[in-house]
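Hello,

Here is the structure I said I would pass on. My notes on it follow below.

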Amino acid sequence: ASVICCRVSPKQKALVTRLVKAGKGKITLAIGDGANDVGMIQEADIGVGISGVEGMQAVMASDFSIAQFRFLERLLIVHGHWCYKRIATMICYFFYKNITFGLTIFYYEAYTSFSGQTVYNDWFMSLFNVAFTSLPVLALGVFEQDVSASVCLEFPTLYQQGPRNMFFSWARILAWMGNGVYSSIITFFIVNAIFQHQAFRKGGEISGLQELGSSLYTCIVWAVNCQIALATSRFTWIQHLFIWGSVCLWYIFLFVYGLISPLDSTTAYHVLVEALAPAPMYWITALFVALICILPYFTFSAYQRTFHPMDHHIIQEVKHLKKDVEDPKMWTEEKAKAVEKASIGFTARVEAKIRRLKEKLHT
C-alpha cells in the first residue's frame, strides 16, 4: 500500500509515516529528495534519498541513496530480494554451525562426567568462527544470488518472498537449529565410536584425547562447509575459494601448529603428521560424517524442488534447461502471470459506484 500526501509540512510527513507504522504495524519506506523530507526519511524504517538539485540533506539522512526515482524499482525488486535472501540464510546458518560445534563440547563434558576436560585445543575453539567458517559466510552474504537481476525484474512476484517472510520464519529457524542438533549428534557419536574404542592404525595404536579432538574438529569443519555449499545457489570462483579454502586452511593450520613446541601447541603437537595423516580411517571418517550430516538438508531440498517447488526453484530450472530460449511463448506467459494486478481500495470502489449512479441519474 502507498500513502500520498499533497502540500504538507515536513513535520506532517513524519507524523503520517509514524501513523502508518503504529496503525498498520507494517514496514515503511520513505523516499525524498530535499531537506523537507528528512523527518519523514528518519521516521520510516527504510529511508531512501534522491541526490539532485535540492541538495544532499535527504541523502545524508537516508539508508540508501539513488540518483533518480526510477532506480527505486531495481533497489527494491532486485537488491531487496537478494539482501533478504542473503541475510535470512546467513543468520540461519550461523545458528546451525554454532549449534553443531557447541553441542559437541557439551556432549564430551557429559561423556566425561563433567570433569572439566575440553575435547578441543584452545586455539581450535578460538579460530572456529574466526578462520575456518567465517569466509564462506561472508561470501554467502555478499555474492549469493538465487536468480539474476534481469529475472528479478521480469518476475516481480519474487519480491513477495520477503514480505511473506518465507525464509526467516520460526519454522525455518527451528529447522536449521534442529539440523545443527542432528549434525552434532552424528558427528560426536560416530567419531567417538570409531576412535575411542578400537585401534585406528595398522600398528594397533589407539587414539587419545589429541586424536579424538582433532578428528572431531575435522569432521565439523567439513560438515559445516559442505552445508553452506549446499545452501549456495550461485557459485563463483570466490565462493569456491572461500569454502574449500577454509577446509584446506584447517589442515595447514593443524600441520603448522603441530610443529610448534609442545609447550605451546599442547594437545596438537605433531598430531597430524605422526598420528592422523598416516591413518586412512581419519580421512574416510571425515568424508563419511560430512555426507551423513548434510543428508537431511539434501533430502529436503530434493523433495521440495520435486514436489513443492517455490517460485525461484521453477525459474532456476527453466533457466538451467534453457526453456526460456527454446520456448519463448511459455516464458512470456510465465512472466505475465508473475505481474500481479493492483487491487483497488474499498473507498475507491464506493466512490466509483456513486459516480456511476450519479451519471445514470443525470442521463
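Leaving aside neighbours within four places in sequence, Gln-316 is in contact with Asp-146, Val-147, Ser-233 and Arg-305, where contact means heavy atoms within 4.5 Å. Gln-316 sits in helix H14, residues 311-321; helices (H or I, at least four residues) and strands (E, at least two) are DSSP runs, numbered from the N terminus. The relative accessible area of Gln-316 is 16%, so the residue is buried. Here buried means under 20% relative accessible area, exposed over 50%, and partly exposed in between, with a 1.4 Å probe and protein chains only.

Before the rest, a note on the source. This is a predicted model, in which local features need pLDDT of at least 70 and side-chain atom pairs count only at pLDDT 80 or more, while totals for chains, interfaces and linings use all residues. Residues are numbered from 1 along each chain as its sequence is written, and side-chain values use heavy atoms, with hydrogens and water left out.

The chain overall

The protein chain has 17 helices and 3 strands. Of its 363 residues, 39% are buried. Among contacts between residues at least 6 apart in sequence, 66% join residues at least 24 apart. The chain exposes about 20700 Å², and carbon and sulfur atoms supply 64% of that area (Shrake-Rupley method with a 1.4 Å probe; for residues, only the protein chains shown count as cover).

Two helix pairs

Helix H8 (residues 170-195) packs against helix H13 (residues 280-307) at about 155 degrees, with the axes 9 Å apart. Axes are lines fitted to C-alpha atoms, for helices over the stretch in contact, and angles run from 0 to 180 degrees between N-to-C directions. H8 and H13 are therefore roughly antiparallel; the cut-offs are under 35 degrees for roughly parallel, over 145 for roughly antiparallel, 65 to 115 for roughly perpendicular, and oblique for the rest. Their crossing is right-handed. A crossing is left-handed if the near helix is turned anticlockwise from the far one by less than a right angle, and right-handed if clockwise. Residues of H8 in the contact include Trp-176, Tyr-182 and Phe-195, and those of H13 include Met-281, Phe-288 and Tyr-297. By class, this contact has 15 nonpolar, 4 polar and no charged residues (Ala, Val, Leu, Ile, Met, Phe, Trp, Tyr, Cys and Pro count as nonpolar, Asp, Glu, Lys and Arg as charged, and the others, Gly among them, as polar).

Helix H6 (residues 134-143) and helix H10 (residues 237-258) pack at about 160 degrees, with axes 8 Å apart. H6 is therefore roughly antiparallel to H10, and the crossing of H6 and H10 is left-handed. Leu-135, Pro-136, Ala-139 and Phe-143 in H6 meet Ile-238, Gln-239, Phe-242, Ile-243 and Ser-246 in H10. The contact of H6 with H10 has 7 nonpolar, 2 polar and no charged residues.

Loop residues

Tyr-120 lies in the loop between helix H4 (72-111) and helix H5 (122-132). Tyr-120 is buried, at 3% relative accessibility. Beyond four places in sequence, the contacts of Tyr-120 include Phe-101, Met-125 and Tyr-217. Gln-210 is 90 residues from Tyr-120 in sequence, yet 8.0 Å away in space, C-alpha to C-alpha.

Most residues other than glycine have a negative phi. Asn-165, not a glycine, has a positive phi of about 55 degrees. Asn-165 lies in the loop between helix H7 (149-154) and H8 and is partly exposed at 32% relative accessible area. Thr-266 also has a positive phi, near 50 degrees.

Regards
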